[in-house]
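Here is a briefing on the structure below. Have the sequence and the model open side by side as you read.

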Amino acid sequence: MEPIVFGIGITALTGALATVAGSAEDTESNIGSQGDPNSQVQLAPQMGFLHRIFNKAVAGEPPAYGLWCCLGAGLAWAFMAMQINPVLAIVLGCVLATFVQGVYATTAYVGRTASLAKFGQPVYVDVLKSMTSVTMAHAFIAIFCTVTLCHLINAALGHPFPLPLLGLIWGIALGAAGSATGNPYYGKERQYQNQKFGAGVPISASGNIVRYAEAGERNSIDNGFFTHKIGGSASGICFGLIVFLELWRTVLFEQVSAGWGAIIVGILMILIFTVVDRYIEVWARKNYGPYTEAKEASS
Amino acid sequence: MSAVAAKPAAGGAMNPTAMGVGVVLTLILLGICWYVSPGLGLMTLIGVIIGGVLIGFGTHFVPVGGAPAAMGQAPGIATGVAMLAAGAGLAGLFGGAWAAEQGLVVAVVTGGIGGGLMMAITCMMVNFVYVFGMGIPSASGKVANDPITGDSQAEYKSQGTEGHGLPFVSFVGGVIGGILGGGGGTLIYIELLSLYEETLPSIMGVPAAQAAQVMPIAVSAAGIFAVGLFLVNAVLTAYNITGTIEGPHDPKFKRWPRAIVASAVASALCGLVAVLIVVPF
């Protein structure tokens, strides 16, 4: 009984860490303007809309976070092999990984913005100074939480993969969950706040992103402040659910019917999420209604 | 024939010559493996190829809209094909590796369910953000009616877009893609792990009684090769569908035979390297 209770406690802790990691990851990528919505930040000057938005699409979020979490986990693992206390080792590893993120963010901003010189987009040194440290702070939270949950999975729950490999796997999954859930909210709802609510952005409006705030020009910290309330929280819940439910079904039901217990519980959970998704879809169709008449749309 | 005179190839056209060359290349690579390591090595390579093909086929199901989806201009999940497929498949591989000691079938199915669960949660949260965060209902741009539910789509597309969100068929496609990817990745891992467990102790000169000492190396090497093979097959498929796809109802889905052959060749080559590192010459 005791190992199961211990396992459930660790599972709950990893779920909480994953929720914080997902939220911080999405907010970091929105402040840094990484991921798919960055296509508009890159496109805007080419359409004549100069802006002061940070622009650091180093890579897609999953490979970028795969690298940073793997780096943090690998360094933490090396420090632990040097007999350093795990807590200190994880913090040190994540700090070093965050510096690498900062280097990538700086070179990406300078390089990508310099490529827009022919369209008159300046490289703002004050943007670089004020935004980079904020993205690094959020990246540290995301990397630290992910590496810590990987260490718990490895050391407390006994997963066979070594820490750096777990860091790579969960880093990629973190980026995939965060970008899938958070990107539309930043890309549509924040960058195109001047477009109609409750409709996609018309393709003809591409590049015309919102560039002004209540006072002066909009900056990327405003974007992080806006998107973390729904996009960041949703990303956190998404990644938290993935980690928690994956571990929960394994810890509790792995020994039932020689492994088939965890499989059946997994299938049941997939069916529950399918029903919830269908409910959301039907709810939207009923409550929001169609944009045009059916006949007009099909003609 | 110059490049200018060449006929523009349609995206979905099959090239029988290229497919034939691909099949022959796969057979040659299998032949090389049979020559250097008949038995266990060959069986491992066959498992790796099946796993790679499952990943390549499964990636076609994953509804990915790329950058336009991030602005609500096209349906699908707003990220890259290879990245999302890798995220789901690796989450599956994580579960499958944990269940490795419970046998091949249980581990592969566990890995598949892990990938499917990751995609089910992600797809549900995508629709949650679209509906409750942005007030946008789901609509497909490729079909008039959802093939599963029969819901009409055209009137729910907002003006000037190709659709948005994840219609139910895309959700189901995402879950199927996650299941196939997670299962395929786990199959590759289990096959390589059993090969390394068998061969590494003798290569490294470890007595049979202390064979457990090489387990961490075997697990790490098999895990890294599984992750690498996953990315190879997911990226190949991303090229095949040119970046975005809505799911199994998308016309681009019909291009899957091409990706199967390409995945088989790529997996055979990478798998051969994974086998050769433990073959003594």
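Angles under 35 degrees count as roughly parallel, over 145 as roughly antiparallel, 65 to 115 as roughly perpendicular and the rest as oblique. This is a predicted model, in which local features need pLDDT of at least 70 and side-chain atom pairs count only at pLDDT 80 or more, while totals for chains, interfaces and linings use all residues. Residues are numbered from 1 along each chain as its sequence is written, and chains are lettered from A and ligands numbered from 1 in the order in which they are written.

**The two chains**

- Chain A has 9 helices and 0 strands. Helices (H or I, at least four residues) and strands (E, at least two) are DSSP runs, numbered from the N terminus.
- The C-alpha trace of chain A spans about 65 × 55 × 30 Å along its principal axes.
- Of the 299 residues in chain A, 54% are buried. Buried means that 20 or more other C-beta atoms lie within 10 Å of the residue's own; exposed means 12 or fewer, and partly exposed is in between, with C-beta atoms placed from the backbone.
- In chain A, 78% of the contacts with a separation of 6 or more link residues 24 or more positions apart. Two residues are in contact if their C-beta atoms, placed from the backbone, lie within 7 Å.
- Chain B has 8 helices and 0 strands. Its radius of gyration is 21 Å, close to the 19 Å that the globule rule gives for 281 residues, so chain B is as compact as a globular protein of that length. The radius is taken over C-alpha atoms, and the rule is 2.2 Å times the number of residues to the power 0.38.
- The C-alpha atoms of chain B fill a box of roughly 70 × 50 × 25 Å along the principal axes.
- Buried residues make up 64% of the 281 residues in chain B.
- In chain B, residues 24 or more positions apart supply 75% of the contacts with a separation of 6 or more.

**Where the chains meet**

- 70 residues of chain B are in contact with 75 residues of chain A.
- On the chain B side, two or more residues come from each of helix H3 (66-70), helix H4 (81-98), helix H5 (104-133), helix H6 (168-203) and helix H7 (215-240).
- H5(B) gives the most to that side, with 21 residues.
- The chain B side divides into 44 nonpolar, 24 polar and 2 charged residues. Here Ala, Val, Leu, Ile, Met, Phe, Trp, Tyr, Cys and Pro count as nonpolar, Asp, Glu, Lys and Arg as charged, and the others, Gly among them, as polar.

**Helix packing**

- In chain A, the axes of helix H5 (residues 125-156) and helix H6 (residues 163-190) come within 9 Å and cross at roughly 130 degrees. H5(A) and H6(A) are therefore oblique to each other. Axes are lines fitted to C-alpha atoms, for helices over the stretch in contact, and angles run from 0 to 180 degrees between N-to-C directions.
- H5(A) passes H6(A) in a right-handed crossing. A crossing is left-handed if the near helix is turned anticlockwise from the far one by less than a right angle, and right-handed if clockwise.
- The H5(A) residues in this contact include Ala142(A), Cys150(A) and Asn154(A), and those of H6(A) include Leu163(A), Trp170(A) and Leu174(A). The contact residues divide into 9 nonpolar, 5 polar and no charged.
- In chain B, helix H2 (residues 40-59) and H6(B) pack at about 165 degrees, with axes 7 Å apart. H2(B) and H6(B) are therefore roughly antiparallel.
- H2(B) passes H6(B) in a left-handed crossing. The residues of that contact divide into 11 nonpolar, 12 polar and 2 charged.

**Loop residues in chain A**

- Ser33(A) sits in the loop between helix H1 (2-31) and H2. Its phi is positive, about 55 degrees, although it is not a glycine. Ser33(A) counts as buried because it has 28 C-beta neighbours inside 10 Å.
- Gln83(A) lies in the loop between H3 and H4. Its phi is also positive, near 70 degrees. Gln83(A) has 7 C-beta neighbours inside 10 Å, so it counts as exposed.
- Pro45(A) lies in the loop between helix H2 (38-43) and helix H3 (61-81). With 21 C-beta neighbours inside 10 Å, Pro45(A) counts as buried. Beyond its neighbours within four places in sequence, its contacts include Leu50(A), Leu116(A) and Phe119(A).
- Ser115(A) lies in the loop between helix H4 (86-114) and H5. With 13 C-beta neighbours inside 10 Å, Ser115(A) counts as partly exposed.
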